Structures are given as structure tokens and as C-alpha cells.
Amino acid sequence: GANIHELARLDPDTAVGFITRLHDLCEAARDFPAPTIARLAGWCMGGGMELAAACDLRFGASDSHFSMPEVRIGIPSVIHANILARLIGEGNTRWLLLTGAPIDAQRALAWGYLNEVAAPDALDDAISRTLAEILACGPAAVRAQKALLRTWEAPHIERGLKESIAVFGQSYRTDAP
């Protein structure tokens, strides 16, 4: 996730620049023509959780934890938090974004955020097995399938991403707790 000390130094203008760069990074993962895989060990928070959500597949170590703690420091979760509802459902997304509380790997798996959970020393093997499955497929077909998956996304995701950037900047215009 983002460095909370860096977030504390932002103002409305620098906040928009900061969140736009994070948006662009997440979009690069979503738009990359080949499948993207997030390897998640340890804590995955805020922007890191959004970047992982932007990937096609997510593998977590059994001792990993996940949270969207932005509300706990006085700002909303924005940009790719928008796609969490597609992964974990509307109710789970609301819980995660409104509480800022962490969940463990087993809950992240049960909610659908993670595709697989493995012991920390077996995480790379789990990823390698899935990668071998992907590599056994036709490369052009995999690229076409990824492009179709992106095309099938609802248009409100794009609108939400754009609106999120503005809201993030506005959250720095007030001193309200």
C-alpha cells in the first residue's frame, strides 16, 4: 500500500497527481495483454490491494492479511477499490471499505479476492502450477480471452475510476475528521 506519511503530506493538487499515478499503474496491470498474477505475502493494504485486484489472478500466503484502511486515516478508498465488488461482492466490499478492518487469507479466499492460498514456502509452487496451465494454452487465445474479459466489464467501472480521482483530491480540501 501507499506510505501513510506520504499521504499526510498531500494537498488537493498533489493528491490528484498521486492517485492518478496509482490509477495508471493499476490500469497497466489490467490492460497488459498477457495474464497478470499478484503474489501476495505479508500485508496487502490500500493501493497494494487495489493493484492486486487489478491483476487477473491473486495468490496469497496463508499468513497474509488484507485491508483497505483509508477511512481510518480520513480519506476514502478510491480508483480500483471500484472493482472489489465484482471480486468479493457488494456486501463484503462495503464491510471492507467502511470499516478499514483487516481480513486474513482464508477470508480473502472465501470472499473470492484470492484465487488460491498456500503456505508461505509453497506460494511460488502454487503460482508455477497455474502458470503452467496458462502456458499450456494457445498464446493468441489467452491474449484474446484476456481482451474479452476486459471488454465484458461494466461501463460503470470506468466512470467510477474517473470520479474516484476527483473525490480523492477533494478529500484533502477539508480538515474534517
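Okay, let's start with a pairing: I37 has L57 in strand 3 as its bridge partner. Quick housekeeping: this is a predicted model, so local features need pLDDT of at least 70 and side-chain atom pairs count only at pLDDT 80 or more, while totals for chains, interfaces and linings use all residues. Residues are numbered from 1 along each chain as its sequence is written, and side-chain values use heavy atoms, with hydrogens and water left out.

Back to the strands, which are DSSP E runs of at least two residues, while helices are H or I runs of at least four, both numbered from the N terminus. Strand 1 (37–40) runs parallel to strand 3 over four bridges; pairing takes at least two DSSP bridges. Strand 3 also pairs with strand 6 (116–118), again in the parallel sense, over three bridges, and there F59 has E116 as its bridge partner.

So how covered is strand 3, residues 57–61? Five of its five residues are buried, meaning under 20% relative accessible area with a 1.4 Å probe, protein chains only. L57, F59 and A61 sit on one side, R58 and G60 on the other.

Now the largest pocket, about 470 Å³. A pocket here is an open set of points on a 1 Å grid where a 1.4 Å probe fits, with protein on both sides within 12 Å along at least five of seven lines; lining residues have an atom within 4 Å of a point. The volume is the space filled by probe spheres set on those points. Of 19 lining residues, S77, A81, N82, L97 and S164 are closest to the centre. Helix 9 (155–170) is one of the helices supplying at least two lining residues, and helix 9 gives the most, six.

Note on methods
Buried means under 20% relative accessible area, exposed over 50%, partly exposed in between (1.4 Å probe, protein chains only).
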